[in-house]
Every structure is written in structure tokens, then in C-alpha cells.
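Please keep the sequence and the model at hand while reading.

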Amino acid sequence: MVGRDAGADADGERRTFTVDELAARAGVSVRTVRFYSTRGLLPPPELGPRRVGRYGFAHVSRLALIEELQRQGMTLAAIERYVAGLPAGLSAHDLAIHRALVASWAPGKAERATRGELERRAGRTLSDDDIERLTAMGALTGASDAPGEFLVDAGLLRLGVELLDVPIATETILAARAVLLEHTTAAAHELTRLFRDEVWEPYRERGEDTDDRAAALRSLSEPLRPLVIQALVTAFQRSLTAELRDLAGGTDAPLAP
């Protein structure tokens, strides 16, 4: 996906955030940001004037990924293993791809927000066209019981706000999302079938009671889940890079999905 620099604002200037601005944009508390930093889940900020930490868009995307992994039910230890396995120097776009693929495993939980709260979460003023586009992406819907409020998918909102500045038609974005959901759903189905036939069946055939089988399933699936997600993301990135290189006629110019 080629657009403006993910670390730049509308004028092309590199944008950074204080810890308060970062927390507001990511929809978490400052305390959460500091906690993730102490656990090594967030890289340290750059030091600006008066040694004030400044964070970039990659920090925003990394926070979105961590929060999405939590929504998928991963424990902190599993998230730490997942993040530790990420390649060094991932850009905000790379991290957004990871989060988008993780989010496709299950729908997000809707949260209520006013127009002002939406703009605070987005870190920008949202025009009526922006609201319409975010609604088309499935990031939000109008609350039928409270005019002026929205039901927001927090994960999709972050991704949708990034896509607002990408010069691609809404119809194309929606079509791409449909393709992604279709194929990740198919991959999840086949991987679940393999897990059921090759891993789970031996446990079931031993005749353990329901509680024991449920505990065994949890113990088996938890370490596999982040590994499967990582494998899907890596395969997707490599395939997409190859496709874009072919589309560009084999050029060696950098290609940014």
C-alpha cells in the first residue's frame, strides 16, 4: 500500500507524540504505556528538548497490536513471546499489517464514543466524509439509541484512521478487506482442522472427562496461537512483497505494503 509516510503528518513533516498524546491516540492510559515499556513491549522513546520522551507512529501501531493480542485472549507472557519474535525495525505500516491479520481472527468488541471522543482517539479532526468512510470500513456505526454517539470497533478505528490519508478509493479498501477476511478465515478453518485431526483427537480418544479435555485444549492452543499468527503474517508479507515487485516490473525500488 503506497501513500504518505506513516510517520509523517499531512504536510509531510515527521510527527511525534508525548506519552499523554500517545496514550490518547492509542486509547489506553499513560500507566498502561509505562507498564508495557517496563516489560519491553514498547521500544524507548526518543528524547526531545528538556529530555521529554517523544513517541512515533510505530509506537502507536505497536500499542494497537498489543491491545489486539489481548482482545484475542492471549496472556501477557504469550504476548511477550510474540512481540519478542517480531523482526527488528518494523515500520508503522508493517505493524499495522500484523494487527490487521490478528484482528481478522475475531470481531472486535464495540465501544461507545461521542464525536469528540472519536476525534481524541483518532488524534485529529474528523470531517463528515471521514465519518462516512470509517463507517463504510466497519470501524464505527451510529448508535440507534443515542443520536450523536457511535459504536466503535477500537482496533478497526486505528487502522481506519491510518487509511483515511491513503489515496485509495473506499470501494477498493473494502474489497481488499473482504479478500483478506475470506482467505484468513479459510486458513483458520484448515489450521483448526489439522489441529483437531492431528493433535486434539489423541486426547479425545483417551476418554478423559470434559473438564480435563477443556484444560488440555487450552494448554495446547495457547502456545500454538501466537506461532500460527506469526507464520500467517510472515507468509502474507513475503507474498505481498513478491506480488508488488512483479506489479512494478521487477524494479528494485522500495515497495511499501
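**Cavities and their linings**

H8 gives the most to the lining of the second largest cavity, with three residues. The model is a predicted one, and it holds two cavities of 30 Å³ or more.

**Second largest cavity**

- The volume of the second largest cavity comes to about 40 Å³, and its lining is made up of Ser61, Ala64, Ala96, Arg99, Arg158, Leu159 and Glu162.
- Two or more residues of this lining are supplied by each of H3, helix H5 (92–103) and H8.
- Sorted by class, the lining of the second largest cavity comprises three nonpolar residues, one polar residue and three charged residues.

**Largest cavity**

- The largest cavity has a volume of about 120 Å³, and the residues that line it are Arg25, Phe57, Val60, Ser61, Arg121, Ala122, Ala154, Leu157, Arg158, Val161 and Glu162.
- Helix H3 (57–71), helix H6 (115–122) and helix H8 (154–163) are the elements that each contribute two or more residues to the lining of the largest cavity.
- Of these elements, H8 provides the largest share of that lining, with five residues.
- The lining of the largest cavity divides by class into six nonpolar, one polar and four charged residues.

**Residues found in both linings**

Key. Residues numbered from 1 in each chain as written. Predicted model: local features only at pLDDT ≥ 70, side-chain atom pairs only at ≥ 80, totals over all residues. Heavy atoms only, no water. 1 Å grid on protein atoms, 1.4 Å probe; cavity = no way out; pocket = protein on both sides within 12 Å on 5 of 7 lines; lining within 4 Å. Points joined across faces, edges and corners; volume = space filled by probe spheres on them. Helix = DSSP H or I, 4+ residues; strand = E, 2+ residues; numbered from the N terminus. Nonpolar A, V, L, I, M, F, W, Y, C, P; charged D, E, K, R; others polar.
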